[in-house]
Amino acid sequence: MKKHIAIIHGVDTPPGDPWQEDFLWLYGIPDVEIHELNWPSTGFFSDGFKWLLNPWYREHVVDCIGAKPFWALEADLIVTHSFGQVVMNAFFDDMGCEPPCPIVNIAGPLTHPGLRMLYGRWNGYPDGVEYHTILNEDDPITSLRGHWMRNKNAESHLVVKVDADENEHPVNFYLDHPKVQDKILSLLKESA
């Protein structure tokens, strides 16, 4: 039986950017169909500031996510990267509903103490929603000099050391990690 995974990108992903290529490992899972959820992104700092200061922009981003037909497919897993965590949380919050499946966030800002202060309003789901966080203490988006905060509603926090020379944040480094792959495969298996 075919499984469905929805993926959502982070900031600095302008229209036409081949961001899906960073998720190639997911595309290689047998009997899995990937649904790419795009939202309007223009740059690292501009996306974050617009999100905080412009309610119209937030509403537009949430509308873009909601326009995708994957909800009707009853997705088996949602995988978000970076700021995609905030966007997906906002989507479900604005819709007033719970996710239809487990969510895995990779390298999201809501474990970072400083970024959590800015974006904490969009910090997760009610009890009972299966939510998993994957982070790296060396990633400047997920932690502040090695210090990170638990998401109180997360089912699990998987801390991994990604194999990167300088930039610890790209999703493909995380997806290449065996523990991350095991987590995703086990969640897909459980959704049978």
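Predicted model: local features only at pLDDT ≥ 70, side-chain atom pairs only at ≥ 80, totals over all residues.
## A strand tucked inside

Let's start with strand β1, which covers residues 3–8. Six of its six residues are buried, so β1 is largely enclosed by the rest of the structure. Where do its side chains go? In a regular strand, side chains alternate between the two faces of the sheet. In β1, K3, I5 and I7 point one way, while H4, A6 and I8 point the other way. Whichever way they point, all of these residues are buried.

β1 also has partners. Strand β2 (residues 32–37) runs parallel to β1, and six bridges join the two. Strand β3 (residues 77–81) pairs with β1 in the parallel sense too, over four bridges. I7 is a handy residue to look for here: it stands opposite E36 in β2, and its bridge partner in β3 is V79.

## Helices α2 and α3

Now for the helices. Two packed helices are described by the angle between their axes and the distance between the axes. For α2 (residues 44–53) and α3 (residues 55–66), the axes come within 5 Å and cross at roughly 105°. That makes α2 roughly perpendicular to α3, since angles of 65 to 115 degrees count that way.

Which residues meet here? On the α2 side they are D47, K50, W51, L52 and L53, and on the α3 side P55, Y57, R58, V61 and V62. Sorted by class, this contact has seven nonpolar, three charged and no polar residues.

## Helices α3 and α4

α3 has another neighbour to check out: helix α4, residues 84–95. The axes of α3 and α4 come within 9 Å and cross at roughly 85°. These two helices are therefore roughly perpendicular to each other.

From α3, the residues in this contact are V61, V62, I65 and G66. They meet V87, M88, A90, F91 and D94 in α4. By class, the contact of α3 with α4 has seven nonpolar residues, one polar and one charged.

## A closer look at S156

Finally, find S156 in strand β6, which spans residues 156–159. Is S156 buried or exposed? It's buried: its relative accessible area is 16%, and the cut-off for buried is under 20%.

Leaving aside residues up to four places away in sequence, S156 touches Y131, H132, T133 and K183. With K183 there's a polar contact, made side chain to side chain at 3.2 Å.

Methods: Residues numbered from 1 in each chain as written. Heavy atoms only, no water. Axes fitted to C-alpha atoms, helices over the stretch in contact; angles between N-to-C directions. Parallel < 35°, antiparallel > 145°, perpendicular 65-115°, else oblique. Contact = heavy atoms within 4.5 Å. Nonpolar A, V, L, I, M, F, W, Y, C, P; charged D, E, K, R; others polar. Buried < 20%, exposed > 50% of the residue type's maximum accessible area, 1.4 Å probe, protein only. Polar contact = N/O pair within 3.5 Å; in protein donor to acceptor, adjacent residues only side chain to side chain. Pairing = 2+ DSSP bridges.
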